[in-house]
Amino acid sequence: MSIKEWFEDRRKITGLIKNSVESDRKDANETEKNKNLSIDYAKINRLWAQCDNCESLLYIRFLRENQSVCKECGYYLQMNSSDRIELPIDRDTWRPMDEDMYTLDVLQFHSENEIEKHLDSEDESYKDHITFYQIETGLTDAIQTGIGQLNGIPIALGVMDFKFMGGSMGSVVGEKITRLIERATAESFPVIMVCASGGARMQEGSFSLMQMAKIASALYIHQKDKKLLYISILTSPTTGGVTASFGMLGDIIIAEPKAYIAFAGKRVIEQTLGQKVIEDFQVTEHLFGHGLFDLIVSRNLLKGVLSELFRLYGLPRK
């Protein structure tokens, strides 16, 4: 190879290296630019919500001010338990009960996949599920209970949270409700239960089913023996063992508009009966026409309606 050919080859190699470096630098700049322009969906989810009915985008702040009712179509979105507590309770009067009570995995409920250490979101152990929802919601279980005042009248209030494992009723939920009722009975307070649940919690087996009888027994003493008021408020969805127990034991039963309220789902009923059922037959308005509830009350009127009911029952202010 001559000296001239050697210099030409060297120049070609240098040019290729230079082009490669510039290309890599350009790709790196593009990646950084795209990274900076990428959408922070987690942040967006904290600012906006989408209506499940009309799919309108709703600003979270305005949605909360409107009590989680879509301003476009009037659809009732789900509310967490903390927001629901604020609806009827006077400011600075809420005193929570049993906040530190948490469930134990008594049955050691797990899947075969967990033993093989091949877990996914569907095969996690019950303990892992509980931990996940505790972090996600900031609650120890699917209900908040406590004592507060409604227009100056002391009440015992329990609010279920559907965001915690579908509001399912396990041993902790049952125990917290029972303790709430027993304290209300001892202090002669009316009890209000806001229901939002998929029913008994399957991961606790018969322990969850036992809560139905335990709560009903406490309510029997509260209502029949002590002649105290119990009001049940059914929100969407209220199904299964909650509907079959304390959800339907109220002296007065109130339901939110358009709420889904049932014991068994439509598919189960159709498969059991072997026939089709009508649409929306498990929605508040249809059930109200068949005498299942006493009142249908919108969220913005709830506190006033409850206050009027207490007045009719002659409940004293504190």
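Guide: We'll go through the sheet, a helix pair, some aromatic rings and a few loop residues. Keep in mind that this is a predicted model.

Visitor: Let's start with the sheet. How many strands does the open sheet have, and in what order?

Guide: There are seven strands, ordered S3-S4-S5-S6-S7-S8-S9, and the pairing is mixed. At the edges you'll find S3, residues 95-97, and S9, each of which pairs on one side only.

Visitor: What packs on the sheet?

Guide: Helix H12, residues 302-312, does, touching S4, S5, S6, S7, S8 and S9. The direction of H12 makes about 155 degrees with that of S7.

Visitor: Can we step through some neighbouring strands? How many bridges join S6 to S7?

Guide: Six bridges join S6, residues 191-197, to S7, and the two strands run parallel. To find your place, look for methionine 193, which stands opposite serine 232 in S7.

Visitor: And how many bridges join S7 to S8?

Guide: Four, again with the strands parallel; S7 covers residues 230-238. Here isoleucine 231 stands opposite isoleucine 252 in S8. Moving on, S8 and S9 pair in the parallel sense over two bridges. Alanine 255 has isoleucine 296 in S9 as its bridge partner.

Visitor: Are the faces of S8 covered or open?

Guide: Both faces are covered. Ile252 and Ile254 sit on one side, Ile253 and Ala255 on the other, and all of them are buried.

Visitor: Now the helices. How do I describe two that pack together?

Guide: Two packed helices are described by the angle between their axes and the distance between those axes.

Visitor: What about aromatic rings? How do I read a pair?

Guide: A pair of aromatic rings is described by the distance of the centres and the angle of the planes. The count here comes to four aromatic pairs. Take tryptophan 48 and tyrosine 59: the ring centres are 5.4 Å apart and the planes are at 50 degrees, so this pair is tilted. Tryptophan 48 lies in strand S1 and tyrosine 59 in strand S2, so the pair ties together parts that are eleven residues apart in sequence.

Visitor: How are the rings of tyrosine 59 and phenylalanine 62 arranged?

Guide: With centres 5.1 Å apart and planes at 80 degrees, that pair is edge-to-face. Together, Trp48, Tyr59 and Phe62 form one aromatic cluster. Tryptophan 48 is partly exposed at 39% relative accessible area, tyrosine 59 is partly exposed at 30%, and phenylalanine 62 is partly exposed at 49%.

Visitor: On to the loops. Which residues other than glycine have a positive phi?

Guide: Have a look at glutamate 55, with phi near 65 degrees, and lysine 258, with phi of about 60 degrees. Glutamate 55 is in the loop between S1 and S2, and lysine 258 is in the loop between S8 and helix H10.

Visitor: Are they buried or exposed?

Guide: Glutamate 55 is exposed at 56% relative accessibility. Lysine 258 is exposed too, with a relative accessible area of 60%.

Visitor: One last stop: where is glutamine 67, and what does it touch?

Guide: Glutamine 67 lies in the loop between helices H3 and H4, and is partly exposed at 22% relative accessible area. Leaving out residues up to four places away in sequence, glutamine 67 touches Met79, Leu87, Arg299 and Asn300. The C-alpha atoms of glutamine 67 and arginine 84 are separated by 8.6 Å, while the two residues are 17 apart along the chain.

How values were computed
Residues are numbered from 1 along each chain as its sequence is written. This is a predicted model: local features need pLDDT of at least 70, side-chain atom pairs count only at pLDDT 80 or more; totals for chains, interfaces and linings use all residues. Side-chain values use heavy atoms; hydrogens and water are left out. Buried means under 20% relative accessible area, exposed over 50%, partly exposed in between (1.4 Å probe, protein chains only). Two strands pair if DSSP finds at least two bridges between them. Contact means heavy atoms within 4.5 Å. Axes are lines fitted to C-alpha atoms, for helices over the stretch in contact, and angles run from 0 to 180 degrees between N-to-C directions. Rings of Phe, Tyr and Trp (its six-membered ring) pair if their centres lie within 6.5 Å; planes under 30 degrees apart count as stacked, over 60 as edge-to-face and the rest as tilted.
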